[in-house]
Amino acid sequence: MTRPRLMIPGPIEFTDEVMAAMARPTPSHVDPAFIDIFGQALEDLRKVFLAGPDYQPFILAGSGTLAMDSAVANLVETGDRVMVVGTGYFSQRMADIVRRYGGEVTLLDAPPGETITPEQLRGALARDAYELVTITHVDTSTGVLTDVRGLTAVAKDAGALVIVDGVCAAAAEEMRQEDWGVDVYLTASQKAIGVPPGLGLLVISPMAKTRWLGRTHPVGSYYSDWGYWLPIMEAYEARKASYFATPAVNLVMALAVSLRQILDEGMENVFERHVRLSNAVKAGVAAMGLGQVPTDMAHAAHTLTCPRYPEGIDASFLKFVREEGAILAGGLHPAIKGEYFRIGHMGAVSRSDVMTALAAVEAGLRRAGYAVEPGVALAAAQAELA
Ligand code: PMP
């Protein structure tokens with residue numbers, strides 16, 4: 001393959017089988033064969049999130065931001081107090097969405113690269129009563145992984161519902177939605193779920209549904225209103241025709257293929273592969289003498305790595321990396337944007353992808369004038385994988 005590998009934190013490289021599903025003739029959204037595919041995708045999404053049969057999946061045409069909007073529009077009413085656990089740019093976005101729907105936000109914000117511990121959240125929640133807590137599983141702008149299990153336990157103890165933005169984590173980082181008590185886990189298609197951009201995905205708990213049913217005012221977004229979507233999702237799962245707004249038919253077909261591939265690998269294997277490959281990338285980055293944005297590898301994501309530029313190097317070196325075979329991303333967090341770059345390694349990523357990316361970074365750094373001995377990153381990564 002001569003084109004460079006797309007290794008940004010989404011969209012990513014998709015499997016041939018997924019791309020083949022995208023290229024199939026588009027069926028009617030009420031074709032019995034498509035209804036069956038949609039129903040299967042809903043069932044499989046629940047399994048990927050490790051949620052039980054009484055959890056409700058939604059597959060919506062839109063991006064990850066639509067999934068966030070859908071969760072907040074349906075669960076937040078004017079005056080609700082919402083604690084936003086802040087670990088970067090996308091937590092800020094969640095806070096903005098909550099405010100837009102009338103929620104009163106308390107932002108428990110960590111400096112870039114740091115996380116919020118369950119103890120910190122417990123302290124913050126003790127000061128007031130909160131209806132909701134939002135958590136970003138992996139903030140793509142910092143590469144920080146939160147302790148969703150611990151944070152959720154604390155939030156539930158305090159009587160709050162929990163929304164987790166899993167856009168840069170779902171189907172890669174460990175997530176046991178039902179065991180951990182997460183009320184809404186949401187993501188987008190273009191990351192570890194492994195489907196081109198265009199789907200927002202959510203699975204909600206029975207408690208979230210109960211809260212939504214108890215709303216006193218109509219949902220402030222027409223398109224996001226679960227009142228329209230719930231009957232559609234129930235119909236597809238019952239293998240019945242139904243219509244509210246046209247689903248993204250080919251994307252749903254591709255999703256069904258990708259979810260099957262993920263489940264065939266097995267969730268425990270998927271989680272383990274992401275840890276293993278991430279450790280290899282991080283070992284390679286350290287071997288080149290580069291720091292990372294997360295201040296402790298114990299809270300570093302396994303879906304992406306955020307290396308800091310060495311002295312004298314900036315985002316312009318990424319064009320060399322691209323010529324050497326890998327498309328990587330620059331920084332995103334406004335406070336540190338110019339200080340780091342991002343390597344995505346999620347979804348159907350393999351050890352050869354990881355080696356390609358590290359080799360391209362090594363070569364790119366040398367071309368940009370930073371002395372790095374050929375092969376050091378690759379050797380460190382291989383040692384990690386051995
Ligand atoms: N949350 C996180 C953690 C993300 O990484 C992203 C996308 N990078 C989003 C939300 C927004 O998703 P989208 O760009 O698909 O709207």
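A residue is called buried when its relative accessible area is under 20%, exposed when that area is over 50%, and partly exposed in between, using a 1.4 Å probe and protein chains only. By that rule, buried residues make up 60% of the 386 residues in the protein chain you see above. Keep in mind that this is a predicted model, in which local features need a pLDDT of at least 70 and side-chain atom pairs count only at pLDDT 80 or more, while totals for chains, interfaces and linings use all residues. Residues are numbered from 1 along each chain as its sequence is written, and side-chain values use heavy atoms, with hydrogens and water left out.

Let us begin with the whole chain. It has 14 helices and 14 strands; helices (H or I, at least four residues) and strands (E, at least two) are DSSP runs, numbered from the N terminus. The radius of gyration is 21 Å, close to the 21 Å that the globule rule gives for 386 residues, so the chain is as compact as a globular protein of that length. Here the radius is taken over C-alpha atoms, and the rule is 2.2 Å times the number of residues to the power 0.38. Along its principal axes, the C-alpha trace spans about 65 × 55 × 35 Å. Contact means heavy atoms within 4.5 Å. Among contacts with a separation of 6 or more, 72% are between residues 24 or more positions apart.

Helix α9, residues 226-237, reaches 16 Å from its first C-alpha to its last, close to the 16 Å expected at 1.5 Å a residue; the expected span is 1.5 Å times one less than the number of residues. Its buried residues include Trp226, Trp229 and Tyr236, and the buried residues of α9 pack against α2, β2, α3, β10 and α8.

Helix α10 covers residues 249-265, and its end C-alpha atoms are 25 Å apart, which agrees with the 24 Å that its 17 residues should span. This helix is mostly covered, with 12 of its 17 residues buried. Among them are Val249, Met253 and Leu263. What covers them includes α1, α2, β2, β10 and α11. Glycine 266 follows α10 and has a positive phi, near 100°.

The loops deserve a visit too. Cysteine 168 sits in the loop between β8 and α7, and it counts as buried because its relative accessibility is 1%. Histidine 137 is 31 residues from cysteine 168 in sequence, yet their C-alpha atoms are 7.4 Å apart. Not counting residues up to four places away in sequence, cysteine 168 touches several residues, including Pro9, Lys191 and Met346.

Alanine 301 lies in the loop between α11 and β11 and is buried, at 0% relative accessibility. Leaving aside neighbours within four places in sequence, alanine 301 is in contact with Val138, Gly143, Leu145, Glu173, Ser278 and Lys282.

Finally, consider the backbone. Most residues other than glycine have a negative phi, and most peptide bonds are trans. Alanine 171 has a positive phi, near 70°, and is buried at 5% relative accessible area. Arginine 239, in the loop between α9 and α10, has a phi near 60° and is partly exposed at 31%. The peptide bond from glycine 10 to proline 11 is cis, with omega near -5°, and proline 11 lies in the loop between β1 and α1.
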